[in-house]
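Subject: Structure handover

Hello,

Here is the structure for you to open. My notes follow below it.

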Amino acid sequence: METPGSQSSLHRANLERVVRAVRLAGSLTQAEIARTTGLSAATVSNIVRELKDGGTVEVTPTSAGGRRARSVSLSGDAGIVIGVDFGHTHLRVAIGNLAHQVLAEEAEPLDVDASAAQGFDRAEELVERLVAATGVDRTKVAGVGLGVPGPIDLESGTLGSTSILPGWTGTKPAEEMSRRLGVPVHVDNDANLGALGELVWGSGRGVKDLAYIKVASGVGAGLVIDGKIYRGPGGTAGEIGHITLDESGPVCRCGNRGCLETFTAARYVLPLLESSHGTGLTMESVVRLARDGDPGCRRVIADVGRHIGSGVANLCNLLNPSRVVLGGDLAEAGELVLGPIRESVGRYAIPSAARQLSVLPGALGGRAEVLGALALALSEMGDSTLLDGSLSVAAPAFT
């Protein structure tokens with residue numbers, strides 16, 4: 001039995017600090033572990049040796065700053081996590097290990113009008129299929145990250161009102177998927193998961209303060225402050241789509257007028273082009289036409305960028321992020337949309353905040369949310385189970 005403050009309890013705490021640092025980063029050199037944890041280089045070296053001998057981590061030669069170094073990552077067979085992303089028109093599932101390697105990934109169409117039960121059925125089936133395809137030991141499932149396109153109440157886990165998945169309002173996605181899969185499930189909205197995905201794997205790597213802006217059927221922002229997602233006490237932080245741009249503008253689904261969403265979301269933007277381009281347009285096709293030189297589509301994309309830039313300027317003035325990452329189909333427009341965003345930021349943000357800001361397209365495309373779901377599962381799992389070799393008490397319920 002360990003006594004608080006004893007040498008053994010201190011050693012255990014240091015072990016967990018090193019495992020946590022490696023788990024969240026994917027891989028770190030021993031020098032980076034020392035900087036992250038505040039432990040001495042000698043202590044880190046001894047702990048890494050102990051963890052390697054116990055099969056918890058793997059150590060591979062690498063280089064850092066032109067010098068030889070040793071990269072430390074969790075063992076590939078230490079456990080796996082699962083990411084599930086419910087989108088407006090798709091379902092995507094990914095399987096990853098604790099070394100941040102994606103082992104399998106698959107997406108399929110999802111009828112937006114399908115019931116929640118049907119969506120959960122499809123997700124369960126796809127998870128089962130991918131786990132079987134990878135051949136991983138199901139007792140190694142550490143947890144599941146789940147993304148939904150709507151607000152989640154942090155206390156109850158209930159999905160709030162959403163016009164994107166209307167039949168899902170009032171459901172408890174994490175509770176339902178946990179019951180089906182028999183493992184811990186952690187849920188968040190798609191913008192937050194997109195921010196996590198880009199932070200760990202994409203355009204947000206290396207920064208601690210960023211905003212991930214997703215423009216699709218709605219408009220949302222995932223906010224990262226000091227390396228962590230900021231959700232607010234009710235879980236609704238980042239609803240940038242409901243910043244008011246014009247008090248006399250179109251009525252928004254939230255009941256207000258002239259919200260940013262009414263000038264940028266697909267449901268409002270696409271009808272602007274119907275008279276000249278006909279029906280059946282998608283944001284993806286508008287972006288493609290704009291890139292090919294279509295003047296109408298270019299104008300619409302530029303206008304959307306300027307409106308988004310107004311919202312980003314407000315974020316700059318309030319939170320002073322160092323980076324904004326644009327996700328969703330709109331990011332594929334590149335400088336056609338990024339240029340107008342920067343123009344508006346330069347006009348409306350205070351100069352010091354605008355100077356420090358970089359605006360980049362997301363690097364992960366449509367994968368950002370499901371990879372963010374993997375990152376969520378990785379961040380929520382405990383470290384003591386890895387050290388004790390007791391990742392899963394019982395096999396997951398799915399077969």
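Contact here means heavy atoms within 4.5 Å. Helices (H or I, at least four residues) and strands (E, at least two) are DSSP runs, numbered from the N terminus.

This is a predicted model: local features need pLDDT of at least 70, side-chain atom pairs count only at pLDDT 80 or more, and totals for chains, interfaces and linings use all residues. Residues are numbered from 1 along each chain as its sequence is written, and side-chain values use heavy atoms, with hydrogens and water left out.

Two packed helices are described by the angle between their axes and the distance between the axes. Axes are lines fitted to C-alpha atoms, for helices over the stretch in contact, and angles run from 0 to 180 degrees between N-to-C directions.

Helix 11 (residues 295-319) packs on helix 12 (residues 335-348) at about 40 degrees, with the axes 7 Å apart. That makes the pair oblique. (Under 35 degrees counts as roughly parallel, over 145 as roughly antiparallel, 65 to 115 as roughly perpendicular, and the rest as oblique.)

On the helix 11 side, the contact residues include Arg298, Ile301, Gly305 and Cys316. Helix 12 contributes Leu336, Pro340, Glu343 and Tyr348, among others. The contact residues divide into 12 nonpolar, 5 polar and 3 charged. (Ala, Val, Leu, Ile, Met, Phe, Trp, Tyr, Cys and Pro count as nonpolar, Asp, Glu, Lys and Arg as charged, and the others, Gly among them, as polar.)

**Helix 1 and helix 3**

Helix 1 (residues 7-25) meets helix 3 (residues 41-53) at about 80 degrees, with axes 10 Å apart. The two are therefore roughly perpendicular. His11, Asn14, Leu15, Val18 and Val19 of helix 1 touch Thr43, Ile47, Glu50 and Leu51 of helix 3. Those residues split into 5 nonpolar, 3 polar and 1 charged.

**Ser203**

Ser203 sits in the loop between helix 6 (190-201) and strand 9 (210-215). Ser203 counts as buried, because its relative accessibility is 13%. (Buried means under 20% relative accessible area, exposed over 50%, partly exposed in between, with a 1.4 Å probe and protein chains only.) A polar atom of the Ser203 side chain lies 3.2 Å from the backbone nitrogen of Ala363. Beyond four places in sequence, Ser203 also contacts Glu198, Arg323 and Leu360, among others.

**Gly327**

Gly327 belongs to strand 12 (residues 323-327). Gly327 is buried, at 5% relative accessible area. Leaving out residues up to four places away in sequence, Gly327 touches Tyr212, Ile213, Lys214 and Val215.

Best wishes

How values were computed. A polar contact is a pair of N or O atoms within 3.5 Å; within protein, one must be able to donate a hydrogen and the other to accept it, and residues adjacent in sequence count only if both atoms are side-chain atoms.
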